[in-house]
Amino acid sequence: MSARPARRRVAVVGTGAIVTGSHLPALAAHADRTELVAAVDVDPERLDAFRAQAPGDVAGYASTDAMLDAVRPDLVLVGTPPSLHREQTVAALKAGAWVLCEKPLCLSLAEYDDIAAAEEASGAYASVIFQHRYGSGAAHARDLIASGELGAPLVAHCQTTWHRDAAYYAVPWRGRWSTEGGGPTMGHGIHQYDLLLHLLGPWAEIRAMASRLVHDTESEDVSTALVRFGSGALATVVNSVLSPEEVSRIRVDCADATVELTHLYGHRNDDWTYTPARHVAPARAAAWRTPGADVPSSHTAQLGAVLDAWDAGARPPGSGQEARATLEFAAALYKAAFTGRPVRAGEIAAGDPFYSAMHGDHPDWAPENPRNGPRLECSQRVGPTEV
């Protein structure tokens, strides 16, 4: 047997809650395969607090470029606000490091293609954190659907109904196109519909609506969509930050079974249920219900998948066309919602305003018009209300 490769030297960019709460435990779980050597943050006090919490001797830096020049890490974990992702990811790729970046990987398809060009030039890879794909329950459901064991997928529902208050949007970069890239379509529901795409495969057409009903933001606070998949299956997608009872849910009705996931910010095997159609034999249905292992969806699971790919000399999951397809879905949802027209997969290309920005410079949604409500049914204006 060949020896396991040496531990990967890891740097984190950003030392806020997502890095301390999710990336640091993931690194600890893979301590036999990774070594945290550096951290970057513009806030010296936060950086010092992180270094005191992190294991070992972690060097601190105020800029990504300075860290990359001094440390030359193997892997960079990016946990900064979204507007910084493209620049920091490209810089790390140019330095030869692989990247695992918080969602969204970038703010537009144009920015994504910049990252793809940097990958091509460097030979390194950039993956985006979509940790809900990586639990054992998700892997099991995908295998059952892809193999045809549950019958053809027919109808699906994807629901991210969360709640965020005015204090949440008081953080300066939130709710702005230039710094967050969008509202719950881009920053919240993206986890669930990424999992939906993972389960059902390529989508073909999307129709959508969006509105700004409560929050004084540039971007939407709720969106809904109707989606036709390449298989012919139809789905609804809801992304909301207005919902008092918070839940994340995916349901897929196949010819022989309904598979449903209900959770909030992460899932285990027990969060998945399988309901057989009446014609299905009990013995067949019994084999669907529980995978052999119970691996929670998590940064730990996704980091492990990235390290496995590295060891195998393969492109990591959550990168390349996989990552682009989810970002394209977001862009298409916004285009469909803001124009009132159906959008087909592949139609948003260079020259399309929604290729360069999720708002597409639409007059009701462009950044210079933050208080303008969206158009519904091409004419009806729905204005925001006060919190």
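Helices and strands here are DSSP runs, numbered from the N terminus. With that in hand, select Arg72. Arg72 sits in the loop between α3 (64–71) and β4 (75–78). Check its backbone: phi is near 50 degrees, a positive value in a residue other than glycine.

**Confidence**

Colour the chain by pLDDT next. This is a predicted model. The mean pLDDT of the chain is 93, and 94% of its residues reach 70 or more. Now select residues 372–387. Here pLDDT stays under 50, although the model has 42 contacts beyond four places in sequence for this stretch. Where pLDDT is low, the predicted coordinates should not be read in detail.

**The two domains**

Domain 1 covers 8–128, and domain 2 covers 132–304 + 316–355. Their centres, taken over C-alpha atoms, are separated by 26 Å. Look at where they meet: 30 residues of domain 1 are in contact with 29 residues of domain 2.

Now select residues 9–128. UniProt, in an unreviewed entry, lists this range as "domain: Gfo/Idh/MocA-like oxidoreductase N-terminal". Over these residues the chain is 46% helix and 22% strand.

**Pro104**

Go to the loop between β5 (98–101) and α5 (109–122), where Pro104 is found. Show the backbone from Lys103 to Pro104. Is this peptide bond cis or trans? The bond is cis, with omega near -15 degrees. Keep Pro104 selected, as it is one of the residues lining the largest cavity.

**The largest cavity**

How many cavities of 30 Å³ or more does a search of the whole structure find? The search finds 2. The largest has a volume of about 60 Å³.

- Pro104, Leu105, Tyr112 and Val128, among the lining residues
- Phe130 and Ile190, also among them
- Ala323, Thr326 and Leu327, which line the cavity too

Colour the selection by class. The lining has 8 nonpolar residues, 1 polar residue and no charged ones. Then highlight helix α13 (residues 320–339). This helix gives the largest share of the lining, 3 residues.

Last, bring back the domain colours. Why does the largest cavity lie between domain 1 and domain 2? Both domain 1 (8–128) and domain 2 (132–304 + 316–355) give residues to its lining, so the cavity lies between them.

Methods:
Residues are numbered from 1 along each chain as its sequence is written. This is a predicted model: local features need pLDDT of at least 70, side-chain atom pairs count only at pLDDT 80 or more; totals for chains, interfaces and linings use all residues. Side-chain values use heavy atoms; hydrogens and water are left out. UniProt positions are given in the numbering used here, feature names are shortened, and annotations may be inferred rather than shown by experiment. Helices (H or I, at least four residues) and strands (E, at least two) are DSSP runs, numbered from the N terminus. On a 1 Å grid over the protein atoms alone, a cavity is a set of points where a 1.4 Å probe fits but cannot get out, and a pocket is an open set with protein on both sides within 12 Å along at least five of seven lines; lining residues have an atom within 4 Å of a point. Grid points are joined across faces, edges and corners, and a volume is the space filled by probe spheres set on the points. Ala, Val, Leu, Ile, Met, Phe, Trp, Tyr, Cys and Pro count as nonpolar, Asp, Glu, Lys and Arg as charged, and the others, Gly among them, as polar. Domain bounds come from an automatic or database domain assignment. pLDDT is the predictor's confidence in each residue, from 0 to 100. Contact means heavy atoms within 4.5 Å.
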